[in-house]
Amino acid sequence: MAAAVNSAFLRHYIHSLSQTPHRLKKRMLATWTPDQELNQVRQRSGADMKRKLKWFDLIALGVGGMLGVGVFVTTGPVALHVTGPAVFLSYIIAGISALLSSLCYTEFSVHISAAGGAFSYLRLTFGEFVGYFAGANIIMEYVLSNAAVARSFTEYLCVAFGEKEANAWRVEVHGLLKGYNMLDFPAVALILLITLCLCHSTKESSTLNLIMTVFHVIFFGFIIVCGMYKGSANNLVKPGGLAPFGAKGVLDGAAIVYFSYIGYDSASTLAEEIQNPTKSLPIGIVGSVIITSALYCLMALSLSLMVPYDQISEKAAFSIAFQRIGWKWASNLIGGGASLGIVASLLVAMLGQARYLCAIGRARLVPFWLAKVHPSTGTPLNATLFLGLCTASIALFTELYIVIEMISIGTLMVFYLVANATIYRRYVMVSKHPPSRVLLFLVFLSCSAIGFSLSWKLNQQWWGLSFFSASTIFIIALFHYKVPSHHSSEEWSVPLMPWPAAISIFLNVFLMTTLKMLSFQRFGIWSCLITLFYVMYGVHSTYKAEEMEMNNRVGEVTNVNSTLQPNKLDIQVL
């Protein structure tokens with residue numbers, strides 16, 4: 001019996017694969033309307049997510065999600081190897097790019113208040129495959145970044161308890177490759193504990209995050225004040241000057257620390273759980289990016305003031321810096337405070353990753369059981385548990401330096417796509433301009449950004465930099481003049497379009513090109529794998545789902561018509 005079932009399934013799957021070209025043609029560029037996304041697709045999860053969050057919850061979730069990730073995880077290695085004391089300038093550049101991207105996210109989230117974030121925005125704008133590609137990259141970046149951050153939690157907790165060695169609580173396994181041979185069981189325990197907390201309730205998790213974020217901001221203030229009080233301006237210029245690795249180092253550093261700004265993306269995935277999303281989302285998303293950017297820059301500056309850049313520790317950088325200025329008690333305090341901040345950032349990031357997977361499951365691009373929302377807790381239980389286990393598995397083995405640039409390239413690619421989608425939506429779907437004109441502008445803008453970036457990378461060719469800078473400004477100004485934008489004044493929209501979104505596209509392309517070739521190779525392998533999954537599973541699953549729903553709608557219409565049609569016998573009697 002089982003053999004017959006397996007044989008029938010295999011024949012059916014082979015038949016589906018033979019239909020792949022037809023199904024790809026039909027599904028790759030298929031789009032949904034916002035009304036379908038907010039009603040028809042959302043209903044596939046069964047129960048609705050519960051709207052319990054307010055604007056201050058969103059700010060706390062955004063700030064809590066970002067704080068702790070960047071400063072405590074990336075500042076040390078970036079300052080030591082990439083930028084020198086100018087690491088705070090890298091945070092400023094990355095913060096400007098993140099702010100522009102957050103404006104694009106905010107416009108979409110106000111008009112499409114769905115849990116899918118960038119996946120939903122891009123699926124509604126550019127079609128199913130682009131949305132799936134972005135969603136898969138977002139989930140990859142979340143899982144890898146959460147695993148990396150959890151391992152940093154162990155390092156800071158070691159310092160808090162007075163350990164001198166950051167790997168003191170890890171178990172070394174001889175025979176495994178370097179970078180995968182230090183097993184981190186505290187990181188695994190933390191991830192599993194947060195996973196169980198998130199399965200219980202979003203509101204309670206948000207309240208816990210709000211409390212931790214308030215203490216964390218106070219703690220940041222303590223580090224900034226003490227660091228600047230005990231620091232010396234000489235450390236900013238000695239040894240080697242403010243930017244010993246040059247302007248290239250500062251910009252390379254900006255691409256790496258961009259990893260620190262993933263948190264506001266998590267906030268946009270909570271659109272289905274926010275009261276009054278039209279007002280709360282702009283305040284929460286943009287406000288959290290501005291607050292976090294300011295704190296990041298001041299924290300990085302205080303670290304550079306405390307010790308010369310070549311003495312900054314690669315691991316637990318702030319704790320070790322306070323040890324070196326003779327404040328051992330402060331070092332232990334910072335270890336504990338950093339651990340608390342990392343817990344808050346993990347809480348928010350893991351909250352966001354589950355909602356992305358839930359939305360992708362609703363679209364039937366991954367197994368449908370991942371889309372289910374638990375009726376009593378109102379949380380995406382299956383998606384939360386599945387990604388929690390994946391994150392814990394990676395955190396057990398993998399060191400930060402292996403995944404950090406892979407995270408950055410995935411984040412920058414998704415933010416680049418969202419900025420493009422913002423322009424396309426505003427000018428084609430809202431203002432009703434011809435798609436060809438807008439797509440041509442986006443292609444020219446991206447090509448100009450690539451030209452500038454390559455000129456910078458190839459020994460900073462100044463003629464190329466000047467030409468492509470001027471051409472970028474000219475392209476945006478010409479489009480602004482020739483193609484007017486129309487939008488509703490009743491709902492929040494990105495101001496001064498297309499400039500903010502266009503500059504976001506330019507910066508994301510530029511920051512991507514500063515990453516190492518290994519990042520692009522790993523990203524290419526990952527892109528091939530997720531594309532293969534889409535061709536072998538996703539496109540067939542969505543095709544059948546849409547076919548079934550269409551048949552159901554036809555059946556409902558037929559039933560209604562048969563009910564309304566008068567019976568012939570009744571007519572004869574009358």
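## The chain as a whole

What share of the 574 residues in the protein chain is buried? Buried residues make up 59% of them. Keep in mind while you look around that this is a predicted model.

The protein chain holds 23 helices and 2 strands. Its accessible surface comes to about 23,700 Å², and carbon and sulfur atoms account for 69% of that area. The contacts tell you something about how the chain folds back on itself: among those between residues at least 6 apart in sequence, 84% join residues at least 24 apart.

## Two helices side by side

Two packed helices are described by the angle between their axes and the distance between the axes.

The crossing of helix 8 and helix 16 is left-handed. Sorted by class, the residues in this contact are 22 nonpolar and 10 polar, with no charged ones.

Is Ser102 buried or exposed? Ser102 counts as buried because its relative accessibility is 0%, and the cut-off for buried is under 20%. Setting aside neighbours within four places in sequence, Ser102 is in contact with Tyr264, Ile285, Val286 and Val289.

Ser448 sits in helix 19, the helix made of residues 435–457. With a relative accessibility of 4%, Ser448 counts as buried too. Leaving out residues up to four places away in sequence, Ser448 touches Phe468, Ser471, Thr472 and Ile475.

Most residues other than glycine have a negative phi. Arg364 has a positive phi, near 65 degrees.

Trp369 has its place in the loop between helix 16 and helix 17 as well. At 44% relative accessibility, Trp369 counts as partly exposed. Which residues does Trp369 touch, not counting those up to four places away in sequence? They are Asn382 and Phe386. Asn382 is 13 residues from Trp369 along the chain, and the C-alpha atoms of the two are separated by 6.9 Å.

Lys432 lies in the loop between helix 18, residues 400–430, and helix 19. The phi of Lys432 is near 65 degrees, a positive value in a residue other than glycine. Lys432 is exposed, with a relative accessible area of 66%, because residues over 50% count as exposed.

The last stop is a peptide bond. Most peptide bonds are trans. Where Met497 joins Pro498, however, the bond is cis, with omega about 5 degrees. Pro498 lies in the loop between helix 20, residues 462–482, and helix 21, residues 499–513.

Technical notes. Residues numbered from 1 in each chain as written. Predicted model: local features only at pLDDT ≥ 70, side-chain atom pairs only at ≥ 80, totals over all residues. Heavy atoms only, no water. Helix = DSSP H or I, 4+ residues; strand = E, 2+ residues; numbered from the N terminus. Buried < 20%, exposed > 50% of the residue type's maximum accessible area, 1.4 Å probe, protein only. Left-handed = near helix turned anticlockwise from the far one by under 90°. Nonpolar A, V, L, I, M, F, W, Y, C, P; charged D, E, K, R; others polar. Contact = heavy atoms within 4.5 Å. Areas by Shrake-Rupley, 256 points an atom, 1.4 Å probe, with all protein chains shown as cover.
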